[in-house]
Amino acid sequence: MTFATYRGRFAPSPTGLLHAGSLCTAVGSYLEARARGGEWLLRMEDLDPPREMAGAADHILRTLDAFGFEWDGEVAYQSGRHALYRHALERLIASGHAYPCNCTRKDIAALARRGLDGYVYPGLCRQRSPEQGGRAWRLRLADGETSLQDRLQGVYSQNLARDIGDFVLLRADGLWAYQLAVVVDDAEQGVSDVVRGADLLVSTPRQIAVQQALGVPTPAYCHLPVLVNAAGEKLSKQTLAPAISAAAAAAELRLALSRLGHAPPPDCGSLAELWAWARASWSLDRVPAGPITIDA
């Protein structure tokens with residue numbers, strides 16, 4: 001399927017405040033959307049209340065606004081979209097793509113081997129019928145390669161059955177899994193292009209598998225370089241990455257653009273001047289593919 005218009009999105013999780021790495025992702029996805037004459041949506045991925053920081057969602061929105069980002073339409077909140085995810089799971093169950101699972105983490109760890117992203121599920125509950133029910137629900141995978149042509153990272157492939165195993169769609173604690181929710185949201189919102197951090201590249205074949213099982217379009221993907229500290233760790237709340245400051249928005253934006261291969265000229269001092277230059281100068285060809293090491 002060819003999308004009629006470019007529609008991108010930025011989808012932060014309110015588990016912490018925006019830091020330099022998330023700012024680079026926001027800047028890259030925003031400028032790519034505007035350079036291609038498209039829309040840029042904002043979606044709050046607030047599906048995991050135990051991990052969320054109180055007030056973080058509102059703080060993220062205020063920070064983006066203070067930095068001069070302009071998004072299209074209303075902000076979408078995953079916490080208000082449970083009915084969409086439930087309907088998608090019911091479709092997958094009805095088509096035989098999803099099955100119930102009663103396995104605990106201990107059950108899996110006792111038998112499974114390590115794969116690309118944790119333990120490879122050993123298929124203990126594959127023969128369970130929907131009528132039997134279970135603590136969680138998994139996607140039934142077929143053997144074979146799942147590949148994509150990433151606009152920055154090139155060709156990326158996984159054999160999901162071998163490298164990942166049947167993965168969770170609805171968790172045992174009743175929370176929706178990211179892999180299902182992000183696919184449903186992108187399809188429902190008509191997202192044509194996903195521009196995000198390269199740390200999520202490993203998840204993309206799983207999302208393509210869900211898209212194929214649901215019969216929804218696969219967006220184009222572009223995974224931007226992640227920022228890492230001197231130890232090679234991705235900047236995150238877990239690595240104590242400091243929050244960006246709205247009071248220093250122009251300096252922070254200049255730094256983010258430079259890290260993305262777009263160093264602004266010295267005479268661009270204000271936010272308005274930086275954004276005007278960036279919109280006129282943006283080219284994905286100038287963005288580095290590999291991780292960017294910074295002093296954190």
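## Residue Y119

Y119 is partly exposed, with a relative accessible area of 36%. This value, like those that follow, comes from a predicted model. The residue belongs to strand β6, which spans residues 118–119.

Leaving aside residues up to four places away in sequence, Y119 is in contact with I108, A109, A112, R113, R114 and I164. A83 lies 36 residues from Y119 in sequence, and their C-alpha atoms are 30 Å apart in space.

## Residue D186

D186 is part of helix α6, which runs over residues 178–188. Its relative accessibility is 3%, and D186 therefore counts as buried, since the cut-off for buried is under 20% relative accessible area.

The side chain of D186 forms a polar contact of 3.0 Å with the side chain of R43. R43 is also one of the residues that D186 touches, together with R9, V191 and V194, when residues up to four places away in sequence are not counted.

## Helices α3 and α6

Two packed helices are described by the angle between their axes and by the distance between those axes. For helix α3 (residues 82–94) and α6, the axes come within 10 Å and cross at roughly 105°. The two helices are therefore roughly perpendicular to each other, because angles of 65 to 115 degrees are classed in this way.

On the α3 side, the contact is made by L84, Y85, A88 and L92; on the α6 side, by L180, A181, V184, D185 and E188. Seven of the residues in this contact of α3 with α6 are nonpolar, two are charged and none is polar.

Conventions:
Residues are numbered from 1 along each chain as its sequence is written. This is a predicted model: local features need pLDDT of at least 70, side-chain atom pairs count only at pLDDT 80 or more; totals for chains, interfaces and linings use all residues. Side-chain values use heavy atoms; hydrogens and water are left out. Helices (H or I, at least four residues) and strands (E, at least two) are DSSP runs, numbered from the N terminus. Buried means under 20% relative accessible area, exposed over 50%, partly exposed in between (1.4 Å probe, protein chains only). A polar contact is a pair of N or O atoms within 3.5 Å; within protein, one must be able to donate a hydrogen and the other to accept it, and residues adjacent in sequence count only if both atoms are side-chain atoms. Contact means heavy atoms within 4.5 Å. Axes are lines fitted to C-alpha atoms, for helices over the stretch in contact, and angles run from 0 to 180 degrees between N-to-C directions. Angles under 35 degrees count as roughly parallel, over 145 as roughly antiparallel, 65 to 115 as roughly perpendicular and the rest as oblique. Ala, Val, Leu, Ile, Met, Phe, Trp, Tyr, Cys and Pro count as nonpolar, Asp, Glu, Lys and Arg as charged, and the others, Gly among them, as polar.
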